[in-house]
Amino acid sequence: MSTPRLVALLLACGTAHAAGPNLGQPLTHAELAAWNIHVLPDGTNLPKGTGTSAQGASVYAQKCAHCHGEAGKGAVSAALVGAPPIKSIDATKTIANFWPYPTTLFDFIRRSMPWQAPRSLSDDEVYALTAYILAQNKLIGENDVMNAETLPKVKMPNRDGFTPRFPNLMPPRSGRDL
Amino acid sequence: MEKFQPVAGNGLLDRRAFLRGGAALAAAVTGYARAEPLAEAPWSKEPGELVPAYGTPSKFEKAAVRTLSNPKGEPRTSHARTPHQLLQGTATPNGLHFTISHAGNADIDPAQHRLAIHGLVKRALVFTPETLSRYPLVSRFAFVECGGNSAPLFSPEPIQATVQAIHGLASCAEWTGVPLATLLEETGVDAKAKWVIAEGADSPHLSRSVPLEKILDDAMVALYQNSERVMPGQGYPMRLLLPGWEGNMNVKWLRRLELTEQPAMSYYESRTYAPILPSGKAYQFYFIQEVKSFITQPSVGFGMKGPGFYEISGIAYSGNGRITKVMVSADAGKTWAEAALQEPVMSKSFTRFRIPWQWNGGPAVLQSRAWDALGNVQPTRAEIVAQRGVASRVPPPTAFPSQHYNAITSWAIDANGSVRHVYA
């Protein structure tokens with residue numbers, strides 16, 4: 001895509017509705033709320049709520065251990081605890097040895113887990129499970145509270161372990177430093 | 001008979017030999033065995049089967065099906081691989097298009113489905129499949145390839161598996177839908193927007209971040225696949241189509257596009273489709289499915305019928321544009337001959353290549369190598385191993401020790417006609 005095309009589009013949009021079919025219906029923030037679940041690495045769009053590792057342990061035992069094993073040790077589904085060193089290209093990727101952002105953990109649990117019943121957890125339960133998994137991995141303290149303020153500040157060990165394949169295709173960084 | 005002289009080692013013939021006179025070629029390169037007397041067959045002596053409302057292939061083609069990695073629907077990803085060794089041409093039949101579903105195929109009532117576009121836009125809008133079908137539509141061919149396709153080739157030893165098992169997570173179709181640039185003209189785009197986060201309505205709510213430039217360049221909300229509605233395994237009633245880009249980013253069951261300043265760093269982009277490099281770092285945001293080709297006929301499982309004439313045929317494609325050249329070797333890369341490219345050759349689509357071959361019955365190693373319109377050349381195995389490494393152990397054929405393997409594939413044919421996968 002040429003940058004001039006993007007500029008032209010932005011200019012066209014600045015004035016009035018484009019002369020297209022215009023068959024979409026306006027959507028308000030409130031109408032979107034149930035779907036608006038993307039959490040960004042800087043914490044944007046994290047919901048209200050809070051959870052601790054102790055609270056997460058009981059949710060985990062009830063809703064997660066069946067697939068991920070006792071204390072996140074793994075069963076039919078992947079282990080959630082542990083950080084084996086990355087010594088080969090086919091090394092096992094774990095939350096503690098690979099995942100660069102703590103927000104991804106919250107986002108993924110909320111959108112995709114439990115596998116049999118996603119979107120059934122409350123935001124508090126998602127914060128609690130996030131706290132439990134991070135604490136089991138010793139990435140936060142046992143008594144640390146996870147919420148919209150604290151979660152994005154958790155430093156993941158492999159945060160700087162990545163590089164884009166084609167840097168020229170990456171959009172420029174925004175003002176906010178991730 | 002000069003035109004039937006080999007143009008490269010081990011019996012490769014000029015790609016234009018057929019165009020100059022196929023009958024003469026056949027006579028020149030094969031001896032005719034005496035035929036059986038012809039007779040009326042049973043199906044020629046009574047009326048045939050009822051004509052069905054929706055046709056299916058002949059019962060004699062039962063082998064032409066996808067292979068399934070998770071046939072019982074256990075709580076994990078399901079893969080269905082395209083049987084390239086049994087197909088010709090470039091358009092993958094819809095029932096044979098590869099599918100990867102992370103929690104089954106969502107069963108969506110189109111009347112209830114919505115596509116929301118919001119975030120850094122002037123006007124957030126929501127669309128139904130019915131309203132999108134009223135927009136000016138465009139059609140284009142495009143391949144879709146999983147970022148993990150061909151991953152068995154990262155094995156330190158060649159895995160003995162078919163081209164379906166090794167390269168079956170790539171397919172090609174004609175897609176029809178609404179260009180996203182059209183829809184974003186109606187929502188307007190905030191000058192701060194740099195990414196578009198796409199989300200599916202499947203139970204994992206799969207999400208991927210796409211640079212806005214790609215969305216405005218050639219992305220489409222695809223509603224039709226090879227002229228019929230997009231199949232459930234491809235995201236019915238609509239999918240994001242990003243021609244030439246990593247399959248997982250072509251979000252199926254598309255329900256939401258959010259324009260943002262930052263990428264989401266979703267599970268699939270920050271973790272799953274982030275291949276580890278030998279240095280221990282990992283690529284994140286690979287985006288492009290790079291130039292690749294492989295021979296589909298003959299390949300593992302192909303029954304060579306003794307020395308004589310064979311056509312070598314395969315598929316080439318590049319996420320960077322059109323295929324410009326495919327070279328084929330029958331002697332493990334010592335000598336090469338240019339294959340014929342079936343017209344039309346379309347950007348970011350499967351291109352069928354073919355070259356005639358006179359097999360002398362001796363050992364041969366068949367390879368293909370493709371070039372694209374940006375001048376990219378398919379790497380050799382040695383080149384990709386040097387850059388990307390190999391797995392620490394031989395993985396199961398269905399495992400993904402790494403991703404984005406696009407180097408040359410080699411099929412060895414031995415004197416009894418069996419075909420093996422080799423590294424050469």
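A polar contact is a pair of N or O atoms within 3.5 Å; within protein, one must be able to donate a hydrogen and the other to accept it. By that rule, 23 residue pairs are in polar contact between chain A and chain B, both residues of each pair being at pLDDT 80 or more. The model is predicted.

**Where chain A meets chain B**

- Chain A brings 64 residues to the contact, and chain B brings 81 residues.
- The size of an interface is often given as the accessible area lost when the parts come together.
- Here the area buried between chain A and chain B is about 6,400 Å². Carbon and sulfur atoms give 62% of that area.
- Three residues of chain A lose the most area to chain B: Trp35(A), Ile89(A) and Arg165(A). Together they account for 13% of what that side buries.
- Two salt bridges are counted between chain A and chain B.
- Arg165(A) forms a salt bridge with Glu290(B). The closest N and O atoms of this pair are 3.1 Å apart.
- Four elements of chain A give two or more residues to the side that touches chain B. They are helix H1 (3-15), strand E1 (25-26), helix H5 (102-112) and strand E4 (162-163).
- H1(A) gives the most to that side of chain A, with seven residues.
- By class, the side of chain A that touches chain B has 35 nonpolar, 19 polar and ten charged residues.

**A strand pair across the chains**

- E4(A) pairs with strand E16 (residues 282-283) of chain B. The two strands pair in the parallel sense, over two bridges.
- Thr163(A) stands opposite Tyr283(B) in E16(B).

**The two domains of chain B**

- The domain assignment gives chain B a domain 1 (115-272) and a domain 2 (292-422).
- Their centres, taken over C-alpha atoms, are separated by 28 Å.
- In chain B, 35 residues of domain 1 are in contact with 34 residues of domain 2.
- The area buried between domain 1 and domain 2 of chain B is about 3,000 Å², and carbon and sulfur atoms give 64% of it.
- Phe143(B), Leu153(B) and Phe154(B) supply 25% of the area that domain 1 of chain B buries against domain 2, more than any other three residues.
- The count of salt bridges between domain 1 and domain 2 of chain B is two.
- Glu145(B) and Lys292(B) meet through their side chains in a salt bridge, at 2.7 Å from N to O.
- Polar contacts link 16 residue pairs between domain 1 and domain 2 of chain B, both residues at pLDDT 80 or more.
- Elements of chain B that give two or more residues to the side of domain 1 that touches domain 2 are strand E8 (138-145), helix H3 (163-167), strand E9 (170-179) and helix H5 (212-218).
- E8(B) provides the largest share of that side of domain 1, five residues.
- That side of domain 1 of chain B divides into 18 nonpolar, eleven polar and six charged residues.

**Salt bridges over the whole model**

- Side chains of opposite charge can pair when their charged atoms come close.
- Over all chains, the count comes to 22 salt bridges.
- Asp218(B) forms a salt bridge with Arg140(B), with 4.0 Å between the closest N and O atoms.
- Asp218(B) lies in helix H5 of chain B and Arg140(B) in strand E8 of chain B, so this pair ties together parts that are 78 residues apart in sequence.

**Strand pairing within chain B**

- Five strands of chain B form an open sheet in the order E20-E19-E23-E24-E25, with antiparallel pairing.
- Strand E20 (337-338) and strand E25 (419-422) of chain B stand at the edges. Each has a single partner strand, so one side of each is left without a neighbour in the sheet.
- Strand E19 (residues 323-329) of chain B and E20(B) run antiparallel and are joined by two bridges.
- Val328(B) has Ala337(B), in E20(B), as its bridge partner.
- Elsewhere in the listing, strand E3 (residues 67-68) and strand E4 (residues 78-81) of chain B run antiparallel, joined by two bridges.
- E4(B) also pairs with strand E5 (residues 99-101) of chain B, in the antiparallel sense over three bridges.
- Ala80(B) stands opposite Leu68(B), and Ala80(B) also stands opposite Thr99(B) in E5(B).

Technical notes. Residues are numbered from 1 along each chain as its sequence is written. Chains are lettered from A and ligands numbered from 1 in the order in which they are written. This is a predicted model: local features need pLDDT of at least 70, side-chain atom pairs count only at pLDDT 80 or more; totals for chains, interfaces and linings use all residues. Side-chain values use heavy atoms; hydrogens and water are left out. Two strands pair if DSSP finds at least two bridges between them. Contact means heavy atoms within 4.5 Å. Buried area is the accessible area (1.4 Å probe) that two parts lose on being put together, summed over both. A polar contact is a pair of N or O atoms within 3.5 Å; within protein, one must be able to donate a hydrogen and the other to accept it, and residues adjacent in sequence count only if both atoms are side-chain atoms. Ala, Val, Leu, Ile, Met, Phe, Trp, Tyr, Cys and Pro count as nonpolar, Asp, Glu, Lys and Arg as charged, and the others, Gly among them, as polar. Domain bounds come from an automatic or database domain assignment.
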